[in-house]
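Welcome, and thank you for stopping by. Please take a moment with the sequence and the 3D view below, and then we can walk through them together.

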Amino acid sequence: MSANSVLESPYVVKAGKILRAKQLTGLEKYFEIELPGREDLGHEPGQFVMISVPGAGEVPISVSSSPWKKGAFELVIRRAGGVTSALHQLGAGDVVGIRGPYGRGFPTRVLEGKNLLMIGGGCGTIPLRSLITYVLDNRDRFGEVNILVGYKSPEMILFKDEFDAWGQKRDVFTDMTVDRVGPGWQGKVGLITKLISPLQIDPQKTYAVVVGPPIMYKFVIQELLKKKIPEDQIIVSMERHMKCGVGKCGHCQIAQYYCCQDGPVFTFKEIRNFYEAI
Amino acid sequence: MESFYVLKKSDLDRFIRQLSRSRKVVAPVSRGVKNFVFAEVTSAAQISIQSIPTILPPKKYFMPQCEKIQEFNREIHQWNPVVEANGEVVLFGVHTCDLAGIQFLNTVMDVVPRDVNYAVHKQKIVVIGLECNDYCDEYASCRVMKNHLPNGGYDLFLTELKDVFMVHGGSAAGEKIVKEAGIFLKPDAAHKKELEDIRKKKEMIFKDEVNVKREDLRGVFERSVQSDVWENLGGRCVACGNCTNVCPTCYCFDIKDELDLNLKTGCRTRIWDSCQNEEFAKVAGGESFRHNRGQRQRHRFMRKFTYPVGKFSVYACTGCGRCSRTCMAKINLKETINELAGAVK
């Protein structure tokens, strides 16, 4: 047995310096974070980090940037509790604690050469953006690319400029809807499931990647199954309460899986029979 | 090589006194009617040799209820991992059910990334087991879990015979203690016969405590996901979390930050947590994945009888009976298993 050096503790954090911060919506704030020595985070799209504000605590947050972005990474954090409220008080120059990346991300190798249908609901677009930007950075490795996003209301829309830029590309299809109209809204209104039905897709060649609030999965997956997309080609990212990020504390358990290590990304086939999953 | 020794009962006190001179010795100590706790002792007279399982299992020495894991300084942006290591501890009088519990925790905490805090505590602990020659009480189900007999996990293991304790050496650390003590003798044929007789007698006393065989337990639980039994348990459970706190294989924890009064320095601690609390699986948006008590009871049982079998090929229930003994709502593990088994047949 090796010496039990406390430095091997899985709870060791690195100092992450906030390079830029920007309020995106009333609830979400963007942070660009640099690790000591501009070390790369080394994440896969879909993975998360544990971020801490000393004194307030630590929370799991999905990485929103592509692994191809070097020297810094991006998080978009929704203010929902004590730690995220403390994070929202911070700006450029402040320092946070970072450990990770953790978890199983999107299966990028499997997705190569396939048609992609990426569906994001609300803050689910935050982790999905790490995959979208990865795919667009390597556009020739993928088949058709469809991006569908839905938000509760126009004020909740994230990455509007980027979304518009993706839609300008000739080989990318994008569509957006909001559940409720707001002042000046010209776009589509209705649930995100409405955007799926009119799509012409080849189900055998298509992988659907779905990230959104728990309630969205049930209905979106039903729609995808109607489209005859095989269960192991429907990929979801699950949100769970996490404290340790390293498969010990028990909070994120879904049946025998620890969401923090075995997930957060699962295929629908893997979890369809698990109660308490979706 | 089988290394057996005997320790005269009259020498037990000398042994405990010797041990406690150089390290902390903890053993079951009586705390009122039918209540025992692992607490520090310096003589044999303080120890309850015949005890039912202690209120808290020995996991509290491997993974303290509240443990500092990090110290931080907000001003200079420093975070230092911490293990608050105590000196050497001898756990004396650990029953076979609790040996199984320790072995289970060793397994899960050793999964990469290893839990260094646990590993450091473990390294400083010597485990001296003690055989139960008879049932502790009606709550135990150690036979069906095959934990009524020793299956390793100790440095020394004692079985009470008529005049002596038969002692089995289970590790180099155990052998070292025997050597240093200088009061352990070699057993004779009569001692070995006596041990054999006790084990034979135990086979008569200890019978499967539930109507399910050990190898079928997993299947019973897997087929019981939708059982009404959970709803019934949920109706009675008060979500106090006693069952998980006293369980020798429950290790879930919460992590919390505490800031010192200077508002600059502070520490991060981990604290035992319970899946029976509603907040346990709740996410920041308010969604809870086990919002009713029946689901949470089901989760607790599944974490003993199905999930660990898939992951580690072992049941996480040791049969110690603590969860049933402590439950204010009288939720009983043996009854629950029988009800589930009856329903799925």
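How many aromatic pairs does the structure hold over all chains? There are 15 aromatic pairs, where rings of Phe, Tyr and Trp (its six-membered ring) pair if their centres lie within 6.5 Å, and planes under 30 degrees apart count as stacked, over 60 as edge-to-face and the rest as tilted. One of these pairs is formed by Phe48(A) and Tyr102(A), whose centres are 6.0 Å apart with 50° between the planes, a tilted arrangement. This pair links distant parts of the chain, since Phe48(A) belongs to strand E3 (residues 48-53) of chain A and Tyr102(A) to strand E6 (residues 95-102) of chain A, 54 residues apart. Helices (H or I, at least four residues) and strands (E, at least two) are DSSP runs, numbered from the N terminus. Phe48(A) is buried because its relative accessible area is 4%, and Tyr102(A) counts as buried at 14%. Buried here means under 20% relative accessible area, exposed over 50%, and partly exposed in between (1.4 Å probe, protein chains only).

Before going on, a word about how to read all this. This is a predicted model, in which local features need pLDDT of at least 70 and side-chain atom pairs count only at pLDDT 80 or more, while totals for chains, interfaces and linings use all residues. Residues are numbered from 1 along each chain as its sequence is written, chains are lettered from A and ligands numbered from 1 in the order in which they are written, and side-chain values use heavy atoms, with hydrogens and water left out.

Now turn to chain B for another ring pair. The ring centres of Phe221(B) and Phe301(B) lie 6.0 Å apart with the planes at 15°, so this pair is stacked. Phe221(B) sits in helix H7 (residues 217-222) of chain B and Phe301(B) in helix H10 (residues 293-305) of chain B, 80 residues apart. Phe221(B) is buried, with a relative accessible area of 0%, and Phe301(B) is buried too, at 1%.

The charged end of Arg240(A) sits over the ring of Phe289(B), 3.4 Å from its centre, and Lys202(B) lies over the face of Phe206(B), at 5.3 Å from the ring centre. A charge sits over a ring if NZ of Lys or CZ of Arg is within 6 Å of the ring centre and within 35 degrees of the ring normal.

How do the two chains meet? The contact (heavy atoms within 4.5 Å) takes 44 residues from chain A and 48 residues from chain B. About 4,000 Å² is buried between chain A and chain B, and carbon and sulfur atoms give 57% of that area; buried area is the accessible area (1.4 Å probe) that two parts lose on being put together, summed over both. Three salt bridges are found across this interface, a salt bridge being a side-chain nitrogen of Lys or Arg within 4 Å of a carboxyl oxygen of Asp or Glu. Arg268(B) and Glu58(A) also meet through their side chains in a salt bridge (3.4 Å, N to O). On the side of chain A that touches chain B, E6(A) gives the most, with three residues.Strand E6 of chain A has a further feature: Pro101(A) is found in this strand, and a cis peptide bond with omega of about 5° joins Gly100(A) and Pro101(A). Another cis peptide bond, with omega of about 5°, joins Gly263(A) and Pro264(A). Most residues other than glycine have a negative phi, and most peptide bonds are trans. In chain B, the phi of His77(B) is near 50°, a positive value in a residue other than glycine. His77(B) lies in the loop between strand E4 (66-73) and strand E5 (78-81) of chain B and is partly exposed, with a relative accessible area of 35%. Ser313(B) has a positive phi as well, near 55°, and counts as exposed at 64% relative accessibility.

Finally, is Arg23(B) buried or exposed? Arg23(B) is buried, because its relative accessible area is 16%. This residue lies in the loop between helix H1 (12-22) and strand E2 (24-30) of chain B. Leaving aside neighbours within four places in sequence, Arg23(B) is in contact with Glu88(B), Val90(B), Ile177(B) and Glu180(B).
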